[in-house]
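Colleague: I would like to learn how to read a model like this one, feature by feature. Could we begin with the general idea each time, and then turn to the case at hand?

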Amino acid sequence: MLDLSPDEWIAIRLSLKIAFVATAVALPFGIALAWLLARKNFWGKTLLDGLVHMPLVLPPVVTGYLLLISFGRRGPIGAFLADHFGIVFSFRWTGAALSCGVMGFPLLVRPIRLAIEAIDRKLEDAATTLGADRLWVFLTVTLPLAMPGLIAGMVLCFAKALGEFGATITFVSNIPGETQTISAAIYTLTQVPGGDAAASRLVLVAIAISLAALVVAEWLARRAGTRFHGE
Amino acid sequence: MSMLAVEVEKRLGNFSLAARFETAGGVTALFGASGAGKTTLVNMIAGLIVPNRGRIRLDDDVLFDSGARIDVPAHRRRIGYVFQEGRLFPHLSVAANLDYGRRMCGLARDGAEMARIVNLLDIGHLLDRRPGKLSGGERQRVAVGRALLMRPRLLLLDEPLASLDGARKREILPYLERLRAEVPMVYVSHHAGELKRIATSVVLLDAGRVAATGGIEVLDKATAELMA
């Protein structure tokens, strides 16, 4: 039954690529923001926190539309990036990765923030007395201790990116081979007569990928956990 | 010249600390009841708490001077600190914990020194373990080794035996006595018996003020007054 057509393979590969790139690019920003929200008090913190969570509560179509008018070819940010760095988002897979990254961002930030908040700061003080400056404390103590949160955040972000539909299709449309992910392909197949068999195949693939991501996450989290408590 | 000279003032909520003392080296006991400000004082020497006013000098180095706006950050003070709860890094093996200070201070790897300290503290059989698997006594010995291996100019010990039961305390004290030849120490405790075995001079702290300084006879006088 899982005799996938070349077009279906393209959609699968594209989905994985977009989800990986979205998660990888979002990660450093997510860590920085999680640290900022966990550790610093500053003017506008509540506003920033709300902004990060917006994609979670806004209709995805609204997020997609906002991306379109700001990161589109004639949007202020999109035009700037295209003119100065040659980075184009509109109707490209990069745009799909951007919208997936934005949609997954709150899911990425939250577990990392909670993990950082849970760290005993006395351990960081101990590292300081042993000669570590703030950057080394962060790299050798804070980040490793926050690893379970990092893994959880990355998996949630990846899963969200893999399944994202509304914002992506609004921002970069549904172009086979460029922006058509598994979700968009399934949607398209349900709109044409005789597309049921292909749609079912992609549905199974989507389930398999999601399960695999969960298993890998569980395994990684266990490893990180036993590193603290086991030998 | 004295080795360590401290003259600091600090307000923390309702508590105010104004302490002044100098030590010539050896093991300086910082003695007093809980809440006398002992930990606050060593935290200021370590650079973890900033005094409101005052001066802290170690040998020829001014670590803190509010008048001259000098405040050497904690990571550049080279002062070892053994905390009450050990504070070993749970994600690192005992060996990596021991090596942490050397790496962060940018010191060359020195296998002989590592072996010597490991030997001194009898922790060779623990090197591959995680801190989570250590007993309280083992944990504190590793914490002492970790602080020594950064080659500190001064070692601060804040109630290093407080979390241990009587038998464990007797197990660790001989190791701490061996350290006297290694490095000058400031040893915080509210336990006079412990201090008598290890201290060479005493600073008695009471409600944020230095009540007395001198040799270990200060301990006897202070405990006698507590009993009276």
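Modeller: Let us begin with burial, for which a residue counts as buried if 20 or more other C-beta atoms lie within 10 Å of its own, as exposed if 12 or fewer do, and as partly exposed in between. Please keep in mind that this is a predicted model. By that count, 44% of the 228 residues of chain B are buried.

Colleague: What radius of gyration does chain B have, and what would a compact globule with 228 residues have?

Modeller: A compact globule with 228 residues would have a radius of gyration near 17 Å, and chain B, at 17 Å, agrees with this. Along the principal axes, the C-alpha atoms of chain B fill a box of roughly 45 × 45 × 35 Å. Its secondary structure comes to 7 helices and 11 strands, and among the contacts in chain B with a separation of 6 or more, 69% are between residues 24 or more positions apart.

Colleague: How many residues of strand β3 of chain B are buried?

Modeller: Strand β3 of chain B, residues 27–31, is mostly covered, with 5 of its 5 residues buried. B:Val27, B:Ala29 and B:Phe31 point one way from the strand, while B:Thr28 and B:Leu30 point the other way, and residues on both sides are buried.

Colleague: Which strands are joined to β3(B) by bridges?

Modeller: Two strands pair if at least two bridges are found between them. In this chain, 5 bridges join β3(B) to β9 (residues 185–189), the two running parallel, and B:Thr28 stands opposite B:Val186 there. A further 4 bridges join β3(B) to β10 (residues 201–206), again in parallel, with B:Phe31 opposite B:Leu204.

Colleague: How many residues of chain A are in contact with chain B?

Modeller: Two residues are in contact if their C-beta atoms lie within 7 Å, and here 19 residues of chain A are in contact with 20 residues of chain B. On the side of chain A that touches chain B, α6 (121–129), α7 (134–145) and α11 (196–229) each supply at least two residues, and the largest share, 6 residues, comes from α6(A). By class, that side of chain A has 9 nonpolar, 5 polar and 5 charged residues.

Definitions and conventions:
Residues are numbered from 1 along each chain as its sequence is written. Chains are lettered from A and ligands numbered from 1 in the order in which they are written. This is a predicted model: local features need pLDDT of at least 70, side-chain atom pairs count only at pLDDT 80 or more; totals for chains, interfaces and linings use all residues. Ala, Val, Leu, Ile, Met, Phe, Trp, Tyr, Cys and Pro count as nonpolar, Asp, Glu, Lys and Arg as charged, and the others, Gly among them, as polar. The radius of gyration is taken over C-alpha atoms; the globule rule is 2.2 Å times the number of residues to the power 0.38.
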